[in-house]
Amino acid sequence: MVTDQPLIRLDGVSHRYGEVVALQDVGLTVWPGEVLGIVGESGSGKSTLLRMLNLQEVPEAGDYRLSLPGVPGADGNLFNLGRFARAQLCARHIGIVYQHPHQGLLMHNSSSGNVAERLLIAGERRFAALRERGQVALEASEFPLARMDAPPVELSGGMQQRVQLAKAIALEPAVLLLDEPTTGLDVSVQALVLDTLKHLQRDRRITMILVSHDLGVIRTMADRVVVMRRGQVVEQGLADQVFQDPQHPYSQQLVQAKL
Ligand SMILES: Nc1ncnc2c1ncn2[C@@H]1O[C@H](COP(=O)(O)OP(=O)(O)OP(=O)(O)O)[C@@H](O)[C@H]1O
């Protein structure tokens with residue numbers, strides 16, 4: 001379901017760490033139900049951008065609008081919200097999957113407990129409901145329910161990513177941020193996790209922003225692509241267009257390197 005109203009509008013985002021320019025005047029528009037891929041070499045600012053979108057950090061300059069009708073405080077620039085309001089909004093309406101499971105999970109708690117933790121944020125307290133809603137999210141993430149009480153530390157890398165995914169989608173967020181979600185997994189496991197993401201996208205029309213340095217992953221998943229270099233967006237367009245006919249010399253270089 002693609003509407004004429006963007007879900008996310010990011011404008012003029014700039015940020016430095018000391019002398020390092022991490023983001024320079026970055027702008028993005030994300031439409032409901034689409035998968036936006038972000039590619040670029042190491043250090044180009046991809047992860048920083050995702051942290052800003054997840055409201056973990058606030059840039060020196062920039063405007064971030066997320067269409068959340070009826071959510072108090074969500075109708076202005078989200079970067080202007082206080083720390084508590086940002087944390088609440090992020091926990092309730094933005095899901096994230098990190099490359100390293102320990103960034104997103106309590107590795108020694110049960111997998112179902114990790115998902116339940118997210119549901120508790122939304123005020124669910126009934127044990128049976130927590131377990132049932134947790135199961136739904138784990139099932140949607142194609143996690144084997146027989147292992148739901150095992151802690152992530154005892155699971156394979158692919159299974160750990162599925163627990164992160166279940167936790168991220170448990171509250172049906174407006175947007176799912178994916179920061180190199182399959183990097184470091186075996187190729188066959190990577191393909192299975194990407195399949196799960198595709199199923200989720202097809203069945204639930206979840207809007208996704210996917211960061212990867214792997215053009216193959218972006219090509220498999222993304223409807224549109226943003227190419228970043230040295231903190232700037234150098235090209236954006238439909239994935240087919242960017243891959244088949246890149247316009248910026250850096251995108252041409254990236255695509256050629258992959259071929
Ligand atoms: N917390 C931080 N403190 C200082 N510098 C940082 C910090 N986070 C990022 N940077 C710098 O900002 C720039 C952008 O980093 P970022 O991690 O966003 O790039 P990236 O494209 O995600 O790279 P990679 O693919 O290697 O993760 C880099 O020069 C990086 O060293």
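The ligand in this predicted model is surrounded by Tyr17, Val20, Ala22, Gly40, Ser42, Gly43, Ser44, Gly45, Lys46, Ser47, Thr48 and His213, where a residue is near a molecule or strand if its C-beta atom, placed from the backbone, lies within 6 Å of it. By class, this shell comprises 3 nonpolar, 8 polar and 1 charged residues; Ala, Val, Leu, Ile, Met, Phe, Trp, Tyr, Cys and Pro count as nonpolar, Asp, Glu, Lys and Arg as charged, and the others, Gly among them, as polar. Strand β2 (20-30) and helix α1 (46-53) each supply at least two residues of the shell, and α1 gives the most, with 3 residues. Helices (H or I, at least four residues) and strands (E, at least two) are DSSP runs, numbered from the N terminus.

Residues are numbered from 1 along each chain as its sequence is written. Because the model is predicted, local features need pLDDT of at least 70 and side-chain atom pairs count only at pLDDT 80 or more, whereas totals for chains, interfaces and linings use all residues.

An unreviewed UniProt entry lists residues 8-255 as "domain: ABC transporter"; UniProt positions are given in the numbering used here, feature names are shortened, and annotations may be inferred rather than shown by experiment. Over residues 8-255 the chain is 40% helix and 24% strand, and the end C-alpha atoms are 27 Å apart.

Strand β2 also belongs to an open sheet of 3 strands in the order β2-β1-β4, with antiparallel pairing; two strands pair if DSSP finds at least two bridges between them. In this sheet, β2 and β4 (61-66) stand at the edges with a single partner strand each, so one side of each is left without a neighbour in the sheet. Neighbouring strands of this sheet are turned by 20° against each other on average, direction ignored. Axes are lines fitted to C-alpha atoms, for helices over the stretch in contact, and angles run from 0 to 180 degrees between N-to-C directions. Strand β1 (residues 8-17) runs antiparallel to β4 and is joined to it by 5 bridges, with Ile8 opposite Leu66 in β4. Helix α1 lies across β1 and β2, at about 60° to β2; two residues are in contact if their C-beta atoms, placed from the backbone, lie within 7 Å.

An open sheet of 6 strands has the order β5-β6-β7-β3-β8-β9, with mixed pairing. The twist averages 15° from one strand to the next. Strands β8 (residues 224-229) and β9 (residues 232-238) pair in the antiparallel sense over 6 bridges, and Val225 stands opposite Gly237 in β9. These two strands form a hairpin with 2 residues between them, and Arg230 in the turn has a positive phi of about 45°.

Ala166 is found in helix α6 (residues 157-169). This residue counts as buried because it has 27 C-beta neighbours inside 10 Å; a residue is buried if 20 or more other C-beta atoms lie within 10 Å of its own, exposed if 12 or fewer, and partly exposed in between, with C-beta atoms placed from the backbone. Leaving aside neighbours within four places in sequence, Ala166 is in contact with Val115, Ala137, Leu138, Ser141 and Phe143.
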